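Morning, everyone. I have one structure to walk through today. Please have the viewer open.

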Amino acid sequence: LADDQVILTEALKSHLGAIDRFDVVGSASDGRDAAEQIAQLKPNIAILDIAIPGLSGMELARQIIRYYPAVKIILLSHYDDDTYVREALNIGVNGYVLKSGGLSTLIEAVDAVQKGGVYLSPKITGYLVGVFNSADPRSSHEPAMLNALTPRETEILHLIVDAKSQQEIANALFVSVGTIKSHKLNIMKKLNVHKAVDLVKY
């Protein structure tokens, strides 16, 4: 956990640590300290404040992805602006959680990311889905690329954007996880993306 608001960090440590499936192994109040602890502890998930001093959450995320790609990243943010969200997704973070969402939202994010999913706060997810649904095929190359998807692939992409894990998607569509993985690879090829997290941008 990395956030310069010490009271918030301590509260999150207390609440998350009280949940059996979570183990909080470290906390920091600035980005450089967080970077050192991540290098030493190599946690499964790093929860980072986007505006933490010393080394911003965005820059810290870039370093983690470069040097410790096995560590999943959830950004905590006050910003729901599309610019920040897209930059975070371009970097390759696994979750983007608005601080206004409360503790339950963060717990949902950690659970989703642990399962291999991508989590965005509901307000952000709703915005991206709205963009997806209202896109004009003539406005850019992305909607045109989306038109290449089959109805089933489009359905799966919506579920990915909704932070569903591969198992959850398989259960919802009554198919095997292997089938979902195959569809996911096809979607990534058609959209010319190389990381699963990039699918959320669509």
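I will start with the overall layout, then go through some helices, loops and single residues.

First, a caution: this is a predicted model. The protein has 10 helices and 4 strands. Along the sequence, the order reads α-α-β-α-β-α-β-α-β-α-α-α-α-α. The chain has 202 residues, and 44% of them count as buried. Now the contacts. Take those with a sequence separation of 6 or more: 57% of them join residues 24 or more positions apart.

Lysine 42 sits between helix H2, residues 31–41, and strand S1, residues 45–49. Its phi is near 45 degrees, which is positive, and this residue is not a glycine. Is lysine 42 buried, exposed or partly exposed? Its relative accessibility is 49%. The exposed class needs over 50%. Lysine 42 therefore counts as partly exposed.

On to helix H4, residues 82–91. Which of its residues are buried? Val85, Ala88, Leu89 and Ile91 are. Look down the axis of H4: those buried residues fall within an arc of 155 degrees, so they line one face of the helix. Just past the end of H4 comes glycine 92, with a positive phi of about 115 degrees.

Now serine 121. This residue lies in the loop that joins strand S4, 119–120, to helix H6, 122–134. Why does serine 121 count as buried? The cut-off is under 20% relative accessible area. Serine 121 has 3% relative accessibility, so it counts as buried. What does its side chain reach? It reaches the backbone nitrogen of leucine 98, at 2.8 Å. Leave out residues up to four places away in sequence, and serine 121 touches Tyr96, Val97, Leu98 and Thr105.

Next, a helix pair. Two packed helices are described by the angle between their axes and the distance between the axes. Here the pair is H8, residues 151–161, and H10, residues 177–191. The angle is about 95 degrees, and the axes are 10 Å apart. That makes H8 roughly perpendicular to H10. Who meets whom? From H8 come Arg152, Glu153, Ile156, Leu157 and Ile160. From H10 come Ile180, His183, Lys184, Asn186, Ile187, Lys190 and Leu191. By type, the residues of this contact divide into 6 nonpolar, 2 polar and 4 charged.

Stay with H10 a moment. Valine 177 lies in this helix. At 22% relative accessibility, valine 177 counts as partly exposed. Where is glutamine 166 relative to valine 177? The two are 11 residues apart along the chain, and their C-alpha atoms are separated by 6.1 Å. Setting aside neighbours within four places in sequence, valine 177 is in contact with Gln166, Gln167 and Ala170.

Phenylalanine 174 lies between helix H9, residues 166–173, and H10. Here, too, phi is positive in a residue other than glycine: near 60 degrees. Is phenylalanine 174 buried or exposed? At 77% relative accessibility, phenylalanine 174 counts as exposed.

That is the tour. Questions, please.

Technical notes:
Residues are numbered from 1 along each chain as its sequence is written. This is a predicted model: local features need pLDDT of at least 70, side-chain atom pairs count only at pLDDT 80 or more; totals for chains, interfaces and linings use all residues. Side-chain values use heavy atoms; hydrogens and water are left out. Helices (H or I, at least four residues) and strands (E, at least two) are DSSP runs, numbered from the N terminus. Buried means under 20% relative accessible area, exposed over 50%, partly exposed in between (1.4 Å probe, protein chains only). A polar contact is a pair of N or O atoms within 3.5 Å; within protein, one must be able to donate a hydrogen and the other to accept it, and residues adjacent in sequence count only if both atoms are side-chain atoms. Contact means heavy atoms within 4.5 Å. The arc is that of the directions from the helix axis to the C-beta atoms. Axes are lines fitted to C-alpha atoms, for helices over the stretch in contact, and angles run from 0 to 180 degrees between N-to-C directions. Angles under 35 degrees count as roughly parallel, over 145 as roughly antiparallel, 65 to 115 as roughly perpendicular and the rest as oblique. Ala, Val, Leu, Ile, Met, Phe, Trp, Tyr, Cys and Pro count as nonpolar, Asp, Glu, Lys and Arg as charged, and the others, Gly among them, as polar.
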